[in-house]
Amino acid sequence: MLPVLTAIGSMACVVTLGWVIQRTGLLAGRGLPRGIARDGAGHRGGDGGAGARQTLATLSFTICAPALMFSTLASTDLAHVLSRGAAVTWITTAVLGLATAAAARWLLRLPAGPAAVTTLAAVYVNGGNIGLPLAVYLFDDALAVVPTLLFQLLVLAPLTLSALDRATASADGGTPARSGWRSMGQVFLAAFRNPITLGTVAGLLVAVVAELTGARLPDVVLLPFDLIGAAAPPLGLLTFGMTLAVPMPAADADLGVAAGRGRRLVGWVIAIAVLVRNLLHPLAAWALGSAVGLEAPALALVVTMAALPTAVNVTTYATRYGVFDGVAARATVWTTALCVPVLVAIGALLV
């Protein structure tokens with residue numbers, strides 16, 4: 001499983017760099033040559049780089065990631081989203097996502113924003129940084145990760161990000177959500193105003209047109225999107241590393257509870273993410289895939305994609321909205337570390 005170890009090692013190097021940047025205050029202005037203004041405006045950088053961290057997360061969220069999804073989906077073969085393996089991925093992810101959201105909201109009694117981040121931490125997987133190299137080296141099919149990415153970006157991301165939009169709007173004194181069909185319409189409008197969702201939908205529409213007409217966008221058109229989109233993974237990893245260097249107590253403020261209870265709730269959130277990502281999802285994918293008769297290569301692919309760790313994007317989203325970002329980063333660390341033996345076992349048993 002050298003590709004798995006190589007991918008995780010490369011990610012760890014970039015994450016470590018982000019941690020060093022935050023700890024040294026490099027982007028807050030410390031260590032710059034004498035006479036250069038700090039933070040670009042003469043500020044002393046007293047936030048310890050929080051503004052820089054937010055800027056990197058916003059850049060990735062609003063520009064780079066949408067460009068990456070557009071360029072990827074615009075050249076995707078749509079046959080990959082119509083297979084039984086894709087159905088297994090969608091069904092297991094949806095069921096586990098609903099179960100996690102219910103547990104976070106009603107068992108742990110988390111507010112809407114932290115509950116949305118908890119759900120993402122449990123079911124939104126790292127399809128780009130780890131899933132893609134695994135698909136290439138183990139299955140010789142870079143598009144094998146597309147069903148997972150599509151479900152995440154067309155279903156998981158719109159729903160959870162709209163929940164975050166509404167939660168942060170309420171916290172800022174925005175207009176309370178209205179009930180009924182009008183409220184539902186507001187949810188979906190908020191979802192499709194999201195930059196990543198817009199980039200995904202645009203790329204999917206281009207792929208549909210290409211499938212129907214046979215006319216695909218020339219490479220020269222997609223090249224600028226490829227160039228900008230290539231910055232999304234490293235920016236996400238840097239943001240992730242910078243978030244790891246931020247003290248944890250902010251989670252208690254998100255929860256609005258006493259510090260002791262907040263720490264216990266945070267522990268439960270991370271435990272749920274680890275349980276779903278490293279155990280329940282691969283087991284559910286194996287059980288359902290076997291039940292619908294997937295053959296060995298397709299079954300191995302589905303189970304491998306289900307065993308991927310929490311995506312760095314979850315930390316980017318949480319940082320963008322200022323909700324549970326430290327918790328999201330730590331859930332990603334734990335699920336990434338624990339996914340290695342799980343993926344090795346899947347490779348030995350199924351691949």
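How many salt bridges does a search of the whole structure find? The search finds one, where a salt bridge is a side-chain nitrogen of Lys or Arg within 4 Å of a carboxyl oxygen of Asp or Glu. Before selecting that pair, please note that this is a predicted model, in which local features need pLDDT of at least 70, side-chain atom pairs count only at pLDDT 80 or more, and totals for chains, interfaces and linings use all residues. Residues are numbered from 1 along each chain as its sequence is written, and side-chain values use heavy atoms, with hydrogens and water left out.

**First stop: the salt bridge**

Select Arg53 and Asp325, whose side chains form the salt bridge at 2.9 Å, N to O. Arg53 belongs to helix α2 (residues 50-74) and Asp325 to helix α15, so the pair ties together parts that are 272 residues apart in sequence. Helices are DSSP runs of H or I with at least four residues, and strands are runs of E with at least two, numbered from the N terminus. Are these two residues buried or exposed? Arg53 is buried, with a relative accessible area of 9%, and Asp325 also counts as buried, at 14%. Here buried means under 20% relative accessible area, exposed over 50%, and partly exposed in between (1.4 Å probe, protein chains only). Side chains of opposite charge can pair when their charged atoms come close.

**Second stop: the whole chain**

Now display the entire protein as a cartoon. The protein has 15 helices and zero strands, and 48% of its 351 residues count as buried. Of the contacts (heavy atoms within 4.5 Å) with a separation of 6 or more, 80% are between residues 24 or more positions apart.

Select Val117, Tyr124 and Tyr317, the residues with the most contacts inside the largest nonpolar core, which has 79 residues. A nonpolar core is a set of buried Ala, Val, Leu, Ile, Met, Phe, Trp, Tyr and Cys residues joined through side-chain atoms within 4.5 Å. Leaving aside neighbours within four places in sequence, the contacts of Tyr317 include Phe61, Leu120 and Ile196. A second, separate core of five residues includes Phe139, Ala144, Ala300 and Leu301.

Next, select Thr316 in helix α14 (residues 312-321). Thr316 is buried, with a relative accessible area of 2%. Beyond its neighbours within four places in sequence, Thr316 is in contact with Ala57, Ser60, Phe61 and Gly236.

Most residues other than glycine have a negative phi. Select Arg109, whose phi is positive, near 60°; Arg109 is in the loop between α3 and α4 (112-123). Then select Phe324, whose phi is also positive and near 60°, in the loop between α14 and α15 (325-349). Arg109 is exposed, with a relative accessible area of 63%, whereas Phe324 counts as buried at 1%.

**Last stop: confidence**

Finally, colour the model by pLDDT, the predictor's confidence in each residue, from 0 to 100. The protein averages 79, and 80% of the residues score at least 70. Among the elements, helix α3 (residues 84-107) has the highest mean pLDDT (94) and helix α11 (residues 250-255) the lowest (50). Select residues 31-47, where the pLDDT is below 50 and the stretch has 18 contacts beyond near neighbours in sequence. Where pLDDT is low, the predicted coordinates should not be read in detail.
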